[in-house]
Amino acid sequence: MKLLWAVSALLLGCWRANASTAPTIVADPLEVSNQTSAVLSCNLTESSLPIKGSHWLHDGKLIKDSKSAAAYTVLHLDKITHSSGGKYECVFLTDPEVKQTIEVKTLPHVAASKHSEHGNENSKVVMACVSHGYPLPTDWNWFKEEDGSQTPIINGTSDKYEIKSTPNKTTLTVNDLSIENDIGHYVCSGTNELGTTSDKIYLRVRSRLAALWPFLGIVAEVIILVTIIFIYEKRRKPDEVTDDDDSGAAPLKSNSTENHKDKNVRQRNSN
């Protein structure tokens with residue numbers, strides 16, 4: 001029993017010794033929200049562990065030229081955009097490795113996959129919007145612009161519309177397209193904890209006969225070409241007949257001249 005208590009006391013003493021020398025990272029700031037620039041810093045304190053160096057990660061990827069050999073490291077974000085948002089980690093190469101996370105949050109960057117879509121009458125069309133940045137939208141909404149105002153499109157209220165959304169993408173399917181009712185601007189908006197941004201898509205609806213227009217154009221070109229050839233041939237035939245008559249009369253004139261010469265020769269001989 002005494003031996004068991006001695007072992008327990010020894011383990012407790014070792015744990016307290018390790019706890020007292022555990023490294024601490026002081027990060028400043030712990031979060032950046034909707035700012036245009038920032039300076040991130042990390043300071044490794046209360047550590048007896050040897051430091052081989054440090055570096056910064058952005059969403060798990062090493063940031064170029066961020067390596068350092070000191071226990072204090074700084075990262076400058078001179079221009080924060082949607083692509084700059086995410087999780088930044090300062091990593092100190094001790095044994096074991098220690099790190100601290102700093103979140104850089106931005107408004108969602110919502111963009112339409114295509115700003116112009118088209119579909120055929122009575123068919124369906126799918127419009128899509130994507131989002132980048134951190135954090136991603138927690139809520140997506142679709143609207144149709146009518147007379148200067150935006151009318152919300154509610155998913156599941158009818159068979160006309162179908163909305164599917166994930167954190168980084170949303171799609172709107174419009175069924176049974178109508179030229180009279182469905183042409184116009186559609187707005188997709190994404191919202192995260194910092195606010196809302198949106199983008200527009202213009203939908204065009206073509207007539208059911210639109211697919212026949214290329215074929216009808218080819219038929220019209222063929223008809224016009226045949227008509228031109230027919231008119232050309234019809235005007236060309238009288239000229240050919242005249243040329244044939246002229247070529248036939250020439251030999252007759254030549255024979256008459258030769259007969260006249262023979263007659264003159266006979267007259268000289270008789271004299």
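Five strands form an open sheet in the order 2-8-7-4-5, and the pairing within this sheet is mixed. Its edges are strand 2 (31-33) and strand 5 (61-62), each of which pairs on one side only. The model described here is predicted. Strands of a sheet pair through backbone hydrogen bonds, in either the parallel or the antiparallel sense.

Within this sheet, strand 7 (residues 86-92) and strand 8 (residues 98-105) are antiparallel partners, joined over seven bridges. Strand 4 in turn pairs with strand 5 in the antiparallel sense over two bridges, and His58 stands opposite Lys61 in strand 5. The hairpin of strand 4 and strand 5 has two residues between the strands, and in this hairpin Asp59 takes a positive phi near 50 degrees.

The structure holds two disulfides, and with bonded cysteines counted along the chain they follow the pattern 1-2, 3-4. In one of them, Cys42 and Cys90 are bonded with their sulfur atoms 2.0 Å apart. Cys42 lies in strand 3 (residues 38-45) and Cys90 in strand 7, so the pair ties together parts that are 48 residues apart in sequence. The link of Cys42 and Cys90 is left-handed, with -75 degrees about the S-S bond. Cys42 counts as buried because its relative accessible area is 0%, and Cys90 likewise counts as buried at 0% relative accessibility.

The other disulfide joins Cys129 to Cys188, with an S to S separation of 1.9 Å. Cys129 belongs to strand 11 (residues 125-132) and Cys188 to strand 16, so this pair ties together parts that are 59 residues apart in sequence. The link of Cys129 and Cys188 is left-handed, with -80 degrees about the S-S bond. Both Cys129 and Cys188 are buried.

Ser189 also lies in strand 16 (residues 184-192). With a relative accessibility of 7%, Ser189 falls under the 20% limit and therefore counts as buried. Leaving aside neighbours within four places in sequence, Ser189 is in contact with Asp139, Trp140, Asn141, Phe143, Thr196, Thr197 and Ser198.

Trp140 is also listed among the contacts of Asn168, which include Cys129, Val130, Ser131 and Leu136 as well, again leaving aside neighbours within four places in sequence. Asn168 lies in the loop between strand 14 (161-166) and strand 15 (169-174). Its relative accessibility is 40%, so Asn168 counts as partly exposed. The C-alpha atoms of Asn168 and Gly190 are separated by 9.1 Å, although these residues are 22 apart along the chain.

A further loop position returns the description to strand 8. Thr106 is found in the loop between strand 8 and strand 9 (109-112). Thr106 counts as buried because its relative accessibility is 6%. Beyond its neighbours within four places in sequence, Thr106 is in contact with Ile80, Thr81, His82 and Gly85, with Gly133, Tyr134 and Pro135, and with Asn192 and Leu194.

These local details belong to a protein with two helices and 17 strands. Of its 271 residues, 28% count as buried. The protein exposes about 18,400 Å², of which carbon and sulfur atoms supply 56%. Among contacts between residues at least 6 apart in sequence, 62% join residues at least 24 apart.

How values were computed
Residues numbered from 1 in each chain as written. Predicted model: local features only at pLDDT ≥ 70, side-chain atom pairs only at ≥ 80, totals over all residues. Heavy atoms only, no water. Pairing = 2+ DSSP bridges. Helix = DSSP H or I, 4+ residues; strand = E, 2+ residues; numbered from the N terminus. Buried < 20%, exposed > 50% of the residue type's maximum accessible area, 1.4 Å probe, protein only. Contact = heavy atoms within 4.5 Å. Areas by Shrake-Rupley, 256 points an atom, 1.4 Å probe, with all protein chains shown as cover. Disulfide = S-S within 2.5 Å.
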